[in-house]
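Student: I have a model to read. Please take me through confidence, helix packing and charge pairs.

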Amino acid sequence: MSGPSFNSIEQEEIDLLDRISQGDRRAFERLYRHYFPRLAQFLRRLVRDGQLSEEIINDTMYVVWTKAHTYNGQSRVSTWIFAIAYRQGLKALSRVDTPVEMDQESMVADEFEEPDKQLSEAQLRRHIGGALDRLSFEHRTVMALTYFHGMSYDEIAHTMGCSINTVKTRMFYARQKLKVFLSAYA
């Protein structure tokens with residue numbers, strides 16, 4: 001492995017937050033560019049609305065800009081930022097009174113696959129997406145942070161502001177519900 005180590009990446013993010021707390025716009029732009037794709041993926045899966053997820057990202061990064069000085073090192077920088085995004089997402093969803101829709105961008109199949117395979121994979125993605133949509137926001141969050149962002153239960157607990165046992169319970173029930181929702185597809 002010739003890439004930078006986890007510790008050096010984490011230290012770089014801590015240094016960026018320190019510079020941001022001193023008003024360094026370039027450091028903020030760098031952190032923003034680094035986190036935008038990850039936050040976009042996370043929030044689109046949760047709120048299923050691309051425009052709303054971009055608003056939440058901007059709200060999240062505004063909090064990072066104004067509260068960088070409050071980062072205390074008790075968690076990874078990514079966990080701290082995802083926790084802010086999670087709380088901003090909850091706030092945004094509480095203000096929205098429209099049904100949640102699927103993100104069609106994530107449903108596009110690879111154009112080079114065989115038509116039959118494309119159709120079956122598109123149907124499977126629709127069923128899985130529909131099943132995920134039927135989960136509560138908390139259950140979708142636990143699933144997304146675990147499977148799409150590789151967070152540990154400890155990091156998820158910190159992000160969501162709950163205990164590890166609550167995360168485990170939410171994951172258990174999310175899996176059970178997905179099993180029921182997807183049993184019709186099988």
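Tutor: Start with confidence. Residues are numbered from 1 along each chain as its sequence is written, and side-chain values use heavy atoms, leaving out hydrogens and water.

Student: Which elements have the lowest and the highest mean pLDDT?

Tutor: Helix α5 (residues 115-134) has the lowest, 71, and helix α3 (residues 50-67) the highest, 93. Helices here are DSSP runs of H or I, at least four residues, and strands are E runs of at least two, numbered from the N terminus.

Student: Where does pLDDT stay under 50?

Tutor: Where pLDDT is low, the predicted coordinates should not be read in detail. Here that stretch is residues 98-111, with 20 contacts (heavy atoms within 4.5 Å) beyond four places in sequence.

Student: How do α4 and α7 pack?

Tutor: Axes are lines fitted to C-alpha atoms, for helices over the stretch in contact; angles run from 0 to 180 degrees between N-to-C directions. Helix α4 (residues 77-95) and helix α7 (residues 153-160) pack at about 45 degrees, axes 8 Å apart. Thr79, Phe82, Ala83, Tyr86 and Arg87 in α4 meet Glu155, His158, Thr159 and Met160 in α7.

Student: At what angle does α7 pack with α8?

Tutor: About 100 degrees, with the axes of α7 and helix α8 (residues 164-183) 8 Å apart. So α7 is roughly perpendicular to α8. Ile156 and Met160 of α7 are among the contact residues, as are Val167 and Met171 of α8.

Student: And how do α4 and α6 cross?

Tutor: At roughly 150 degrees, the axes of α4 and helix α6 (residues 137-148) coming within 12 Å. The two helices, α4 and α6, are therefore roughly antiparallel. Phe82 and Tyr86 of α4 take part in this contact, as do Phe137 and Leu145 of α6.

Student: How many salt bridges are there?

Tutor: Side chains of opposite charge can pair when their charged atoms come close. The whole structure has 4 salt bridges (a side-chain nitrogen of Lys or Arg within 4 Å of a carboxyl oxygen of Asp or Glu). In one of them, Glu12 pairs with Arg30, the closest N and O atoms being 2.3 Å apart. Glu12 lies in helix α1 (residues 6-21) and Arg30 in helix α2 (residues 25-47), 18 residues apart.

Key
Predicted model: local features only at pLDDT ≥ 70, side-chain atom pairs only at ≥ 80, totals over all residues. pLDDT = per-residue confidence, 0-100. Parallel < 35°, antiparallel > 145°, perpendicular 65-115°, else oblique.
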